[in-house]
Amino acid sequence: MKCIFGVVFFLLFIGNINSQQKDLVTYTAFTIADSLKKDANAIVRLDEGILDVVSNSKYILDVHQVVTILNAEGAYHLKHTLGFDKFYKIENVEIKVYNELGLLTKKYSRKDFDVQSAYDGVSFVTDEKLMYLYSPAPGYPCTVETNYQINATGYIDLPDWRINNNNSATEVFRYTVKVPEEIDIRYRTINLMISPLVTSEKKTKIYKWEANNISVKRLEEGGYEAGRYLPAVQIGANRFSYDGYDGELNNWKNFGKWSYPFYSEKKPFSDERMNELRAMTEKSGTLFEKVDVLYSYLKKNMRYVSIQLGIGGFKPFSARFVDEKKYGDCKALTNYMRNLLAVVGIPSYPALINAGYNKFPADSLFPSSPFNHVILCIPNKNDTIWLECTSNNARTGFLGSFTENKRALVITENGGVLVNTPPSVAANNKLVINNDIFLDVDGGAKVNTSLYGTGDFLLLLEEQKSIKVDEQKEFFVKYLDYKTPDDYK
Amino acid sequence: METPIGNFTTEEINLKECAFDKDADAVIISHEAVSNFNEEYNLVTDHKIKLKILKEKGIEKANIKIRYYSDKDFEFISNLKAVILSYNDDHEIVKSNLNNKNIYNKKIHKLFSEISFTMPNVKVGSIIEYTYTSIMKHYGGLDSWYFQNELPVMLSSYRLYILPGAEFAYTVYRTSDFPIEIKPHSQTGSIYYSMKNIPGLRDEVYMGAARDYLQRVNFQLSNYDNNGIKTKYVNTWKQLAEELMMEKLFGTQLNKTLPNVAKTSWETASSPDEKMKLVYNYVRSNMVWDNIYSKYSSSIKDAWEKKKGNGGDINLILINLLNEAGLDVSPMLVSERDNGKVDTTYPYLDQFNKVVAYVTINGQSYILDATDKQTPLHLIPFSLLNTKGFIVDKKNSRFVTISNSKTRNLNVVSIRASLDKAGKMRGVSTVSNYDYSKIQKKEDYVSSKTKYQEDFSKPYSALLIDSFKVDGLDSDTLPLKHDFNMSYELTKSGDYYLLTYNFFTGLTKNPFISNNRFSTIDFGTQYTCIANENFALPDNLQLETLPKNIKLVTPDNSMVAYREITKEENTLRINLKIEINKSEYSANEYAMVKDFYNKVFDTLNEPILLKDKL
């Protein structure tokens, strides 16, 4: 019996190799070049995406990835997390695990995944869901093969194809994009010097990028976000349709045109309410003073609650909603502030921005939608005022490290304009700690400490003022390295 | 039951701060609930909650989430209504209702869903009142009633209607300072509990389960199925053990034979100890835990085939195989420290959150948890220290106290270094972490070596380390040993250099900061840190004064620290030792613990002053 089993097994194995050769995919860990293994926890044997842009609202992306995990530090490749929502569906997902020899040990499909709502750490409510699976390793090294299809029925950006070579090296990287000629795409590569092979088939254009043997390059701390340094093929849509809203992304102006209607509201306030608002700023002279009064009103009365639903990524709740409920997300609060200013005759514009201290500014030459936040831009001769409408304690015009020194897409009635947000200088971000030390006879001392700050530090200190006394003391010990204060005022 | 909401008294409106918890951001004015049964013997609970926002920070308490157990539609929430009292721009009172459109319902986990809503127009001074009904399939979902919360509570009351003919018992856990009112009402078969003015319980460092310190009442009821048919009431631990051993989801799983088990590896083992180790590692390396806590398994065969399961699946597989290997093993029900203390007075299974294997070999007992990948065989899992376990056995069921006085969290630092004329220190160091100190560190090391090395020197900003080498990873008994070179530029001030010596002890920031403490300080283990450091000084750097030797001892002698600094010729020797010889301290001892820690940190961080004589 054993003998026959052996023969059958052998034949199957050969068959398997043949089919592998056809796809140029290898599952055994033995064939990896030593040069690629340097600093690597895993080797991506194949990272292939085939994007089929069907129309301005539909695309299908087939993903095929084969990763050999060299040691336990590469175990994060065993965790599979895929996000989806109503415009972005995951289909035909299949995960296979192979041992060191390249023999299949385990196979998973959709039913093995757990599903839960996505929690992005900020939002109170979101539409997005996550499916996740952990596929245990049969030992190291081992190989994980992932196949799935993304079915998008609405999009703004087309998917980029990126090489994550922070901890892993890549043997074969391949991205194919098929697109109807009349739509076409924009493209470029970053941190990667390759050009596509372009062919045409009937009325479809086919682009193909390929790169081989990309070794590990570790990211350093304190730089921009990883996306700035990882090799990638970037794809830009010329035309798109999201949730039934058609738009163009061939330049920033047109993208702004698409966004503008979301911020238009016929009559957000009653006449009576408008009179109230006008009365508030009656005594203010300059434009800045008026802005200051209304911004203070916003900070005092409205609160930030993140609710990302439907086309919620783009369309704010109405100003009327915010006026009644006294809460909103960044879009809703920005839109509300804009409408407050409009009542007193001050024009202002929502500005999309990719916020985060180490976010790389949006690129003026390659329009896309990298934005995660909205602020308000108020033209004021040569001294544009920027307002962060989700804050309850920022000074009027203060942006802070979250949004300063970036590029914001100002959305006007004539379309989008990409402008720089002002950087702050070191002198405006000061933390001054004043210690008065009273020495005792026996060598001990009493220290009276007082702090004041400007810029980001001012926000940090104001935040401290609002928390419980014990937590404030913790801030001194943990953040400022003080010993536990005896007395605290 | 319909009760009108949105009536607020003048006292409530005028309330500015919580008199018995002045630091509170918000206060629960009242939380009243009534649990009753309907024709289907569902457990129907009506909640009515009134809370007031007292400070700016408390505004986020208006974002309300109600979590419920939605697996197999066990529970659902209905009749959610909410009203907020707030102020308009002219400081006049306005009331608004929650719009149903702004209520969101989401599945957030395999087992749980969540209803969330936020109130409009929330300001400091706003009062929110909301009501909802929870309907659970049967009385099996009956949970303890917690009078206390993270926020202070002015009134908390609960009325429970007991199923007719049910056997019923309850236990109250409370601090003697807080009186409780209990009123049985025999006509309606209900019982009413209430407490008043309970301060909030906030998270504290080294706190076990918050619920151990919350004022609460636990219930023990006989089991009911969907139709209200009473099943047998278990009234002793012994009976409970007997029943569990017959239970489909528990005891009978231990009699199943698992397919495709590589038994040969342990069948030839030289000793029972060796055998236990082989079985344990076999299960640990083959099974993946899905992070769900359970003491039951619907089928260990299924889990074994999938190589994945909940805590019950995995440890019942372990017990099954240990038993089949001929070892003396019993299932033991445990409650991790974070899950709360076990009350042995009532045979009440919900108290436990895990089942583990209890093995006895030649009078020596072992506690094995195969969902835990790092703890070596000879150590009790850290999360079970200072708890009680219930051994489930047909003949000899019993409680054991799980504690460990032999092994501790032991750390040894040694530094041999010399200083050059410009105040730069170079040397070699060895840091060894034993037993409980090793477990977490090993896990961190395995998950990322680079990050581990970075984190190792991170607390010491000017310190550079290289040639970092780690040994002892694969040994169960050896410490995790780190050998490396270090260099460091001393801080200079005028002609003086400051020599610091608190390196790699893990004692960088004092964890005890708050003024008061409500919960027991539970370190889990006893603790020792020893540092022996030698610094060879160059001719030009001389000691101004030799810092005093210091010995700190708490009045109960359980915490000891000393610092000894000596100079022989050109070598400065520093010996530090910190010992904590109890693993638990009551809240009453907090002042003593905090005082000791303050002094220890002062001592460790007092630099040695060297004068440059050049």
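Buried means under 20% relative accessible area, exposed means over 50%, and partly exposed lies in between, with a 1.4 Å probe and protein chains only as cover.

**Entry 1: ground rules**

I note that this is a predicted model, in which local features need pLDDT of at least 70 and side-chain atom pairs count only at pLDDT 80 or more, while totals for chains, interfaces and linings use all residues. Residues are numbered from 1 along each chain as its sequence is written, chains are lettered from A and ligands numbered from 1 in the order in which they are written, and side-chain values use heavy atoms, with hydrogens and water left out.

**Entry 2: chain B as a whole**

I looked up the make-up of chain B and found nine helices and 35 strands. Helices (H or I, at least four residues) and strands (E, at least two) are DSSP runs, numbered from the N terminus. Of the 614 residues of chain B, 53% count as buried. The C-alpha atoms of chain B fill a box of roughly 90 × 80 × 45 Å along the principal axes. I also looked at contacts, meaning heavy atoms within 4.5 Å. Among the contacts in chain B with a separation of 6 or more, 71% come from residues 24 or more positions apart. Chain B exposes about 28,300 Å², and carbon and sulfur atoms supply 48% of that area. Accessible areas come from the Shrake-Rupley method with a 1.4 Å probe; for residues, only the protein chains shown count as cover.

**Entry 3: an eight-stranded sheet in chain B**

I traced an open sheet of eight strands in chain B, in the order S24-S25-S23-S22-S29-S33-S32-S31, with mixed pairing. Two strands pair if DSSP finds at least two bridges between them. The edges are strand S24 (463–471) and strand S31 (550–553) of chain B, each pairing on one side only. Neighbouring strands of this sheet are turned by 10° against each other on average, direction ignored.

Which helices pack on the sheet? Helix H7 (residues 435–447) of chain B does, touching strand S22 (409–419), S23, S24 and S25, and its direction makes about 110° with that of S23(B). Helix H8 (residues 449–457) of chain B also does, touching S23, S24 and S25, at about 130° to the direction of S24(B). Axes here are lines fitted to C-alpha atoms, for helices over the stretch in contact, and angles run from 0 to 180 degrees between N-to-C directions.

Within the sheet, I checked S23 (residues 424–434) and S25 (residues 480–489) of chain B, which are antiparallel over ten bridges. Lys424(B) has Glu489(B) in S25(B) as its bridge partner.

**Entry 4: strand S8 of chain B**

Is strand S8 (residues 127–136) of chain B mostly covered or mostly open? It is mostly covered, with ten of its ten residues buried. Both faces take part: Ile127(B), Glu129(B), Thr131(B), Thr133(B) and Ile135(B) point one way, Ile128(B), Tyr130(B), Tyr132(B), Ser134(B) and Met136(B) the other, and all are buried.

I then looked for the pairing of S8(B). Strand S2 (residues 43–53) of chain B runs antiparallel to S8(B) and is joined to it by ten bridges; Lys48(B) stands opposite Thr131(B). Strand S4 (residues 75–87) of chain B is also antiparallel to S8(B), over nine bridges, and there Ser78(B) stands opposite Thr133(B).

**Entry 5: salt bridges**

I count a salt bridge as a side-chain nitrogen of Lys or Arg within 4 Å of a carboxyl oxygen of Asp or Glu. The structure holds 44 of them over all chains.

In chain A, Glu210(A) forms a salt bridge with Arg174(A), the closest N and O atoms being 3.2 Å apart. Glu210(A) counts as partly exposed because its relative accessibility is 36%, whereas Arg174(A) is buried at 15%.

In chain B, Lys582(B) forms a salt bridge with Glu589(B), with closest N and O atoms 3.1 Å apart. Lys582(B) is at 29% relative accessibility, so it counts as partly exposed; Glu589(B), at 21%, also counts as partly exposed. Back in chain A, salt bridges that share partners join Glu48(A), Arg174(A) and Glu210(A) into one network.
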